[in-house]
Amino acid sequence: MIFLKRQLPLVITFIMGVTFTLQYYIPHPVSEEAITNVAKWMQIISGFALFLGLASLFHVHAVKIKRQVPGWGYSLVLYAGMLGMIAVGFWSHGETRVDGAQTSFGWLYDYTMVPLQGTMFSILAFFIASAAYRAFRARSREASVLLASAVIVMMGRVPLGQFLVPWSWDVTQWLLNVLNSAVRRAILIGVSMGAVALSLKIILGIERSYLGGGRDQ
Amino acid sequence: MNVVAFLCLLFFSGVAFAAPPSLAPPEGFRVLDTPNDTGKSLSLVWKASPSDSKNRSIQVWAAESPHAAFKKVAEFPSNTRYVKAGDFPWWAQPAGKGEHYVKLSSSQAFPIEDGKSYAVKLLVRDGEQEAWSEIAEGRPAPNFFNTAQVNNLVFVLAFTGVLLASIAAARRNPHIYLRRIAGLDAVEEAIGRSTEMGRPILYLTGAGDMSEVPTIAATVILGEVAKKVAHYDTSLKVPHRDPIVMAVCQEIVKEAYVEAGRPDAYKEDSNFFITSDQFSYTAAVDGIMLREKPAANFFMGSYFAESLLLTETGASTGAIQIAGTDSDHQLPFFVTTCDYTLIGEELYAASAYLSREPVLVGTLRGQDFGKAFIMSVLVLGTALATIGVVAGTENFDYVLDFFKDFK
Amino acid sequence: MKEFARRMVGIDRRIIFLLIAAAVLLPLVKPFGLPIKVSPEVKAVYDYIEALPERSVLFLSFDFDPSSKPELEPQAVALLRHAFRKNLRVIGMTHWLTGTGLADGVFSKVAAEMGKERHKDYVFLGWSPGGGSLIIAMGQDLYKAFPSDYTKTPTRGMPVLDGVQNLRDVNYLVSLAAGGAGIEMWYVFGKDKYRFEMAGGSTGVIAPGLYPFLRSGQINGLIGGLQGAAEYETLITQKGTATAGMDAQSAAHFVIIVLVLLCNVFYFMLRGEKGRPN
């Protein structure tokens, strides 16, 4: 069992990791065919991950309903929503539109999914304002620079600001293209090195936390 | 006078009726298998001529053999398709700088198969004049190694070596110097505050799964936080978006309580799964914050649009908030709404600093070497490129090419 | 006065929310309409599409879901209008499962407006799992990656896909991205290997993070947020929801700027007191 849970995944990870690292440097059609096939396997596995997510969600909320923990009514609502959407989706054969006419699935998508997601995202506009009001204070030199550049960019990125303070557009462009690019590049290099280092550790079997067990080996 | 007039007439008529200079065919024309490719293509190379111009055109004619019927496959002005600096590395260039280079790939009009020989010739046309080149033959074949990317492979192997050496060194001595991270002092303060107020601590591990660096760092920091929480007997709540991360965190928190000598205080349901959907999870966590009013909120890992929704709600409840993320697009929101923010690699460093795990410490060290190397190359490369331009020399390209990405 | 300043510094956030709501709603009811300046990064996308010959292949990746609809849908509509006006062939797909209905709706709407036919002038391939692996699969063989489109019609033999075997046959790709699965992924798994030209369209939040890719030429243009969509609408001389939304965005930005400046005034008034204010 240990072999199946620990050793075998590590062996597979090592072989596939090394093979497809080298594949990047091999232009031969055999190598291209290999990556095409593996890409197809990965698509299939990604599809299964959807089912896993769904199954785990069903299981967690089933336990909540069974034990009648506080708030278990919301788990019932979740079940109703999920099963209802799945049933309607199957009934409409997964189509949101047929010959230009909206299906029931399309109706549910357009009038529940879209407004609900849009609403959650739109709360950000209000929260940004209250966070900015609380946080953008010139407490120190660095905070003053942050405040000034935030005000200039906020003006330079909208027509009203460009109209009232024409130079704000040019300064904004300079801030975005020069200062912002430089800093983002530095962060990107650092983060990318981290990602490369993690990938190497996973391929070489040094990092095993993704298997769900202990850390340092 | 009549003789002079006659001679002038003779001269100018000679000039008027003299045959124009004949058009020279392309010089040094050759056909090769395109290097570093998947096959089914040929490379055509010939020397540049001083008379190349936009009014003069080049036609490429190809056939399956020198005696078969030729077919026109391409046409372009003669003053185009030059090899420029940066097209090929010096160690893998099919044509020199300034020469003409054209890649002839297989197409519906002229299919090319590997292993078969093809004959190609060029036609130069300038007004009414034409000149054919010699017929050259080439045989396409796929290549097993892209020599243009040998520099890339060398750097990957070198970085791997440095990383493994750093990890080995850290295993021998895990107490390598790591700069103290400011936000870490606040962790103790936050836990103490929660204990005094008798309110729980909320810890989030972000949107990523266990194969992402920030999530791994978040779980390590959770272990350290859990140890302190166990010691102070404070309540800990860790809502999750990913079942595997939840499983890992459950073990980490349990181990932390055992190490702190308080296995009895461990609660199985301190780690719980909500949903993997972004905004549903956010709404649920916001609800927990508003109802249970935790005294301290930790936001560690990778985040997306939900970051501000979480932190602003937490700020409205008066909690002390500590964040750590490498999601640079969310950093402004964390910085404005949280009391302390670990930016980018400070998160990885914090996890290494707290746990002193040799793998984490060694990895950090290896990455630092990598960054030091990149910074040195940036300074050196900029200097060499500038000197090269000022001095008008291309000799530094031999060094600079090594750091470029060629396909 | 100091008491007033103290009350203003700790103002109930609901008042701020009300001010923002008013700033967003009022210009939608009574627009004031200001000229929109076009940035070079948006113009670069426009110029590239403008220079494409008729029946060239434009690939649009709708990498967003309904939460980013207000910013990215106007970009998609403007790009599609431009592409259809130039008589380009458009291939669409999405990496976000929850964005499929949205993307198909946009295609249907703009195509009906411009008199374009599905499968002849455009095709929406839909969603398939995999992310980076899907891009590699499309780069090798588009028909194996998507044997049928969103309407379950077989892709092989479709007039719009004539001559397109894989991503190498695409003339231009624009990824409209709201986050993780988007522009970077298309570059790493797509352009780097299959050598097509590409641009990005993104939400305002992630746009600054994409400037390094723009500056290094990895993407040749960038349409950032609602402002970028409004700039594109200006270029194609057809105003849409983005231009309409810019008045509201202008007002909201100004309210935030005024609030921030006022807050600093009150903060400095209180700072004169003995001891630092919280």
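Tutor: Lys293(B) counts as partly exposed because its relative accessibility is 38%. Buried means under 20% relative accessible area, exposed over 50%, and partly exposed in between, with a 1.4 Å probe and protein chains only. This is a predicted model, where local features need pLDDT of at least 70, side-chain atom pairs count only at pLDDT 80 or more, and totals for chains, interfaces and linings use all residues. Residues are numbered from 1 along each chain as its sequence is written, chains are lettered from A and ligands numbered from 1 in the order written, and side-chain values use heavy atoms, without hydrogens or water.

Where does Lys293(B) lie? Its place is the loop between helix 6 (278-292) and strand 12 (296-300) of chain B. Helices (H or I, at least four residues) and strands (E, at least two) are DSSP runs, numbered from the N terminus. The phi of Lys293(B) is positive, near 45°, and the residue is not a glycine. Most residues other than glycine have a negative phi.

Arg356(B) also has a positive phi, near 55°, and is not a glycine. Its loop joins helix 9 (345-355) to helix 10 (358-391) of chain B. Arg356(B) is partly exposed because its relative accessible area is 21%.

Now the cysteines. A disulfide is a pair of cysteine sulfur atoms within 2.5 Å. The count over all chains is zero. Cys249(B) is in no disulfide; its nearest cysteine sulfur belongs to Cys338(B), 19 Å away. Cys249(B) is buried because its relative accessibility is 0%. Cys338(B) is in no disulfide either, and the nearest cysteine sulfur, in Cys263(C), is 18 Å away. At 9% relative accessibility, Cys338(B) is buried too.

Chain B also meets chain A. Ala131(A) sits in helix 4 of chain A. Ala131(A) touches Leu308(B), Glu312(B), Thr336(B) and Thr337(B), leaving out residues up to four places away in sequence. Contact means heavy atoms within 4.5 Å. Ala131(A) is buried because its relative accessibility is 3%.

Helix 4 of chain A has 32 residues, and its end C-alpha atoms are 46 Å apart, which agrees with the 46 Å it should span at 1.5 Å a residue. The expected span is 1.5 Å times one less than the number of residues. Helix 4 of chain A bends by about 25° at Asp110(A). That bend is the angle between axes fitted to the seven residues ending there and the seven starting there.

The buried residues of helix 5 of chain C include Leu102(C), Val106(C), Phe107(C) and Val110(C). Helix 5 (residues 100-114) of chain C has 15 residues and reaches 21 Å between its end C-alpha atoms, close to the 21 Å expected. Gly115(C) follows helix 5 of chain C, with a positive phi near 70°.
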